[in-house]
Amino acid sequence: MTSSVALYEALTTAPDDRARARVIAEAIERLEERYPHLQDLATQGHIREAELRLQKEIEQVRADLKADIEQIHAKLRETELRLQKEIAHIKLDLLKWLVPLMFAQVAAIAALVKLL
């Protein structure tokens, strides 16, 4: 019974319901023997379920990434403010040294001009 026509003939010639049930069971058994991985095949329902699960996981990853990016932006803003304060402090320190040095240079030049 290797074809659907043979299965049809066996079903139509079976004398009673019990014999027909036996023919169907044998056909299913041969089908399972011929295709042992048949139960492992995914149906449209399985695929849709997996797709929905993946979509949910993707949305969760997006939300996590968005939160991480926001945290990184906040840290960057904090770092930028801290660096701006440090730069301003360094500029003030530099001015504290440069202004007296400029006056000292002017005084030294004036002293040299007097000597000449």
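Tutor: Let's start with a term: helices are DSSP runs of H or I with at least four residues, while strands are runs of E with at least two, and both are numbered from the N terminus. You're looking at a predicted model, where local features need pLDDT of at least 70 and side-chain atom pairs count only at pLDDT 80 or more, while totals for chains, interfaces and linings use all residues. Residues are numbered from 1 along each chain as its sequence is written, and side-chain values use heavy atoms, with hydrogens and water left out.

Student: Okay, where does Leu98 sit?

Tutor: Leu98 is in helix α3, which covers residues 44-115.

Student: And what makes Leu98 partly exposed?

Tutor: Buried means under 20% relative accessible area, exposed means over 50%, and partly exposed is in between (1.4 Å probe, protein chains only). Leu98 has 39%, so it counts as partly exposed.

Student: Which residues form the nonpolar patch on the surface?

Tutor: Leu94, Trp97, Leu98, Leu101 and Met102, with about 570 Å² of accessible area together. That area comes from the Shrake-Rupley method with a 1.4 Å probe, and for residues only the protein chains shown count as cover.

Student: What makes a group of residues a patch?

Tutor: Members need over 30% relative accessible area and no salt bridge; nonpolar side chains (Val, Leu, Ile, Met, Phe, Trp, Tyr) are joined within 5 Å, like charges within 9 Å. Leu98, at 39%, clears the area cut-off.

Student: How many salt bridges does a search of the whole structure find?

Tutor: Eight. The test is a side-chain nitrogen of Lys or Arg within 4 Å of a carboxyl oxygen of Asp or Glu.

Student: Why do Arg20 and Asp17 count as a salt bridge?

Tutor: Their closest N and O atoms are 2.9 Å apart, which is within the cut-off, so the pair qualifies. They're three residues apart in helix α2 (residues 17-34), which means about one helical turn separates them.

Student: Which residues do salt bridges with shared partners join into one network?

Tutor: Arg22, Glu26 and Arg30. Within helix α2, Arg30 and Glu26 are four residues apart, again about one helical turn.
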